[in-house]
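User: I am new to this structure and would like to go through it by question and answer. Please keep the wording plain.

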Amino acid sequence: MNPLLELLKPYPFARLREAMEGIDAPEGLQPVPLHIGEPKHPAPKVVTDALTAALPELEKYPLSAGLPELRQACADWVFRRYDGLKLNPDTEILPVLGSREALFSFTQTVLNPVSDGLKPVVVSPNPFYQIYEGATLLGGGKIYFANSRAPRFQPDWSEVPEAVWTRTRIVFVCSPDNPSGSVMQLEDWQKLFDLQDRYGFVIASDECYSEIYFDGKKPLGGLQAAQQLGRSNKGIVMFTSLSKRSNVPGLRSGFVAGDADILKAFLLYRTYHGSAMSIPVQRASIAAWNDEAHVIENRRLYQEKFDKVLPVLQQVFDVSLPEASFYIWLKVPDGDDLAFARKLWQEAAIQVLPGRFLARDTDRGNPGMGYVRIALVADVGTCVKAAETIVSLYR
């Protein structure tokens with residue numbers, strides 16, 4: 001077996017299950033799962049209708065590059081969403097099976113040994129999406145974490161030593177951030193671009209939460225930031241998905257966009273990897289990217305949840321509306337996020353995710369410790385009732 005598999009660490013939810021062993025929820029209470037970021041709003045009819053109408057096309061082999069109509073729909077969406085950002089659908093857009101699959105395989109495409117034979121480095125925010133780490137380790141690289149702390153919860157790039165930067169091949173960014181919902185501003189992108197100019201790494205911009213925002217404040221994308229700063233998209237690849245935007249996590253559909261040379265190599269990898277999207281899924285994806293009405297309704301539902309949940313939690317906790325995403329990154333009163341999660345489960349059957357499980361211990365500490373992630377994915381009534389219960393336990 002590949003010995004690198006032994007380097008992989010348990011997923012946060014597996015760690016949570018282990019931490020809850022021997023702790024039972026009250027008998028008769030229905031569990032309230034607020035720990036997993038799985039959208040629960042209904043899949044939009046415009047998508048399901050397109051999917052079922054295209055089922056006869058299952059008889060055809062799909063191409064790894066996807067249908068030209070899908071690439072065009074993605075390029076058209078980028079143009080509308082990012083203030084006239086123009087991408088070539090034939091060279092700067094590539095459909096993928098959701099951002100998770102793409103982030104993993106992209107890392108295998110880009111990582112390569114450094115000149116001195118040492119392992120290449122990937123720099124990641126901390127807390128982070130675990131695929132960043134797993135993809136790095138299985139790609140033969142090493143990962144270095146830049147901690148994200150209050151009040152802005154943006155990675156502190158100054159924590160990365162010069163010796164690490166010189167071996168860095170990829171920097172992952174997640175904006176809007178999982179778990180805090182923070183968004184990189186133009187000055188944040190400028191700092192990262194300055195580092196890129198100095199050290200020559202590739203920026204992998206994970207933007208899967210970009211369409212869940214509030215008060216019309218659209219998160220700035222990586223390619224959009226480059227355009228505003230007069231830069232090309234050289235060395236930048238954006239990852240996005242329909243899972244959160246369109247409530248179709250089971251569709252496994254998204255796309256990557258950016259540097260044409262990188263995407264050419266990525267397509268070659270994917271051709272051998274066997275990760276072509278089925279044609280019915282592509283047809284459904286075209287319908288999704290071409291429709292904004294269901295996305296607007298989706299944002300309205302999340303806004304309603306935050307509007308009703310936050311005032312309840314604010315009776316006890318110091319918490320505010322995130323810049324984007326459907327998460328509440330809640331600072332626990334006594335600093336023990338694991339004890340907080342255990343208490344909610346044992347006394348109220350409410351499941352939240354301890355922040356320590358979303359981060360790694362570093363010599364600068366674990367920045368997830370003392371926080372829990374609450375995913376407002378259930379219906380409004382369930383979320384409000386859970387918030388009221390949490391407050392009653394900690395009042």
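Predicted model: local features only at pLDDT ≥ 70, side-chain atom pairs only at ≥ 80, totals over all residues.

Analyst: Residues are numbered from 1 along each chain as its sequence is written, and side-chain values use heavy atoms, with hydrogens and water left out.

User: How many of the 9 residues of H5 are buried?

Analyst: Helices (H or I, at least four residues) and strands (E, at least two) are DSSP runs numbered from the N terminus, and H5 covers residues 130-138. Buried means under 20% relative accessible area, exposed over 50%, and partly exposed in between (1.4 Å probe, protein chains only). What covers the buried residues of H5 includes H1, helix H4 (98-110) and strands S3 (121-126), S4 (142-149), S6 (168-174) and S7 (202-206). H5 is mostly covered, and the number of its residues that are buried is 8.

User: With which side chain does Glu 133 meet in a salt bridge?

Analyst: A salt bridge is a side-chain nitrogen of Lys or Arg within 4 Å of a carboxyl oxygen of Asp or Glu. The partner lies in the loop between strand S12 (353-354) and S13, so the pair ties together parts that are 227 residues apart in sequence. At 2.6 Å, N to O, the side chain that Glu 133 meets is that of Arg 360.

User: Which residues are linked with Arg 283 in a network of salt bridges?

Analyst: Arg 283 meets Glu 57 in a salt bridge (2.9 Å, N to O). The pair links distant parts of the chain, with Arg 283 in helix H11 (residues 279-289) and Glu 57 in the loop between helix H2 (45-53) and helix H3 (68-81), 226 residues apart. Arg 283 counts as partly exposed at 26% relative accessibility, whereas Glu 57 is buried at 16%. The network links Arg 283 with Glu 57, Lys 60 and Glu 69.

User: At what angle do H13 and H14 pack?

Analyst: Axes are lines fitted to C-alpha atoms, for helices over the stretch in contact, and angles run from 0 to 180 degrees between N-to-C directions. Angles under 35 degrees count as roughly parallel, over 145 as roughly antiparallel, 65 to 115 as roughly perpendicular and the rest as oblique; H13 and H14 are therefore roughly perpendicular to each other. The contact (heavy atoms within 4.5 Å) is made by residues including Phe 340 and Leu 344 of H13 and Ile 390 and Leu 393 of H14. The axes of H13 (residues 337-348) and H14 (residues 380-394) are 11 Å apart, and the angle is about 110°.

User: Is Val 377 buried or exposed?

Analyst: Val 377 is found in the loop between strand S13 (371-375) and H14. Leaving aside neighbours within four places in sequence, its contacts include Pro 33, Ile 36, Phe 326 and Cys 383. With a relative accessible area of 2%, Val 377 is buried.

User: What is the omega of the peptide bond from Ala 150 to Pro 151?

Analyst: Pro 151 lies in the loop between S4 and strand S5 (154-155). The loop between S4 and S5 also holds Phe 153, a residue other than glycine with a positive phi near 55°. The bond from Ala 150 to Pro 151 is cis, with omega near 5°.

User: Which residues make the nonpolar surface patch of about 360 Å²?

Analyst: Patches are made of residues with over 30% relative accessible area and no salt bridge, like charges being joined within 9 Å and nonpolar side chains (Val, Leu, Ile, Met, Phe, Trp, Tyr) within 5 Å. Accessible areas come from the Shrake-Rupley method with a 1.4 Å probe, and for residues only the protein chains shown count as cover. Leu 5, in the segment before helix H1 (12-19), is partly exposed at 40%. The patch is made by Met 1, Leu 5 and Leu 8.
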